[in-house]
Amino acid sequence: MILITGANGRPGSAVVREFARRGRPVRALVREPAKAEGLRGLPGVEIVHGDMLWPETLEPALAGVDRVLMISGAGPLMLETQCTFIDAAVRASVGHIVKFSGKDSTDGFDNERFRSSRSHEQIQRYLYASGAAWTVLQPSQFMHVYFEEVPDIVASGELRLPLGDTTLAPVDIDDIAKVAYAVLTTPGHEGAIYPMTGPEALTMTEAARHISDAIGKPVRYRDVSLEDKQRSWTEAGYPAPRVTAFGQLFAERRRLGRSTVDLGTHERFGVEPTTFAEFARRHAGVFRGDDQYIVTPAGRPGDGT
Ligand SMILES: NC(=O)c1ccc[n+]([C@@H]2O[C@H](COP(=O)([O-])OP(=O)(O)OC[C@H]3O[C@@H](n4cnc5c(N)ncnc54)[C@H](OP(=O)(O)O)[C@@H]3O)[C@@H](O)[C@H]2O)c1
């Protein structure tokens, strides 16, 4: 049996949907059953409840599992959550743990300067020493994070980010889900690290233009200071640790200035890379503010965690 954790979240729900689309049974771990409405009707999907921080809740989820895709949120508890989960998985004789990690696309990104990247590195080291076979997925920024800018885009026709002329190479979560499916269902990925970016390194002016073309309304990039952006994140209700971590992330991106595209993993698995223009067209209703961003297929608005 294959288990996906974080199954109510952005990448986790996409991977579960990919299994359902391919007609392959999968088990989906959620900690809040009420949020799993959208996963419930999917063919072949067994929903189990449990909290990765509380191993005693994981016994039913891990019973009979030989491979797991480990995902949890990027918040301050990620390190403890995933190390606790690795211990529980090893105790339950899970043979292969695929870690959903991350890798920023900017050239020379220093993982020590951003809390989540630092935690991912620590978790990876813990996993390598766990005795289980492992694989690491390292996607760059998700294209879906631009949905967080929809309120500004709708209200003012502006994409406001503290990035100057920095380029980023965001990747579509659906592309990552296809790779995750292949890694979990075919042999030969033990000890492999799979980085992924999208197919273009975009300035935010170019990203705004793609959104504008998709929605048929002017959208222009406005470079704002990091302090102003942090203030608007706080006003939007982001928790303080998240505001701090995003500050670290954007400061490092702005310092470095440019990204390099890496499509080696797309090519290795025969996945056609989704362009930002295609992504924006597919989600034009979200960028117009007409449709809510749905994390789970029939489900709930994203909470942007
Ligand atoms: N955002 C990006 O651009 C990006 C890029 C590359 C990599 N990543 C990585 O992708 C991962 C997912 O990030 P995300 O922002 O997409 O998260 P997300 O949508 O919030 O998904 C995380 C999921 O993990 C679940 N979870 C958290 N703690 C748990 C626990 N103790 N037990 C069981 N489930 C738990 C959450 O459950 P609830 O639904 O109940 O909260 C949520 O469904 C992170 O490791 C992040 O670093 C993100």
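**Aromatic close-ups**

**View 1. Two buried rings, Phe19 and Tyr181.** Phe19 and Tyr181 are both buried in this predicted model (buried is under 20% relative accessible area, exposed over 50%, partly exposed in between, using a 1.4 Å probe and protein chains only). Their rings pair up edge-to-face, 4.8 Å centre to centre with 70 degrees between the planes. Here a pair means Phe, Tyr or Trp rings (six-membered ring for Trp) with centres within 6.5 Å; planes under 30 degrees apart are stacked, over 60 edge-to-face, and the rest tilted.

**View 2. Phe147 meets Tyr293.** This pair is tilted because the ring centres are 4.7 Å apart and the planes lie at 55 degrees. Phe147 belongs to the loop between strand 6 (133-139) and helix 6 (150-156), while Tyr293 is in the segment after helix 13 (284-288), so the pair ties together parts 146 residues apart in sequence. Phe147 is buried at 8% relative accessibility, and Tyr293 is buried too, at 17%.

**View 3. Arginines over rings.** Arg242 lies over the face of Tyr238, 4.1 Å from the ring centre. Arg253 does likewise with Phe250, at 5.2 Å. The test asks for NZ of Lys or CZ of Arg within 6 Å of the ring centre and within 35 degrees of the ring normal.

**Notes.** Residues are numbered from 1 along each chain as its sequence is written, and side-chain values use heavy atoms, leaving out hydrogens and water. As the model is predicted, local features need pLDDT of at least 70 and side-chain atom pairs count only at pLDDT 80 or more, whereas totals for chains, interfaces and linings use all residues.

Note on methods:
Helices (H or I, at least four residues) and strands (E, at least two) are DSSP runs, numbered from the N terminus.
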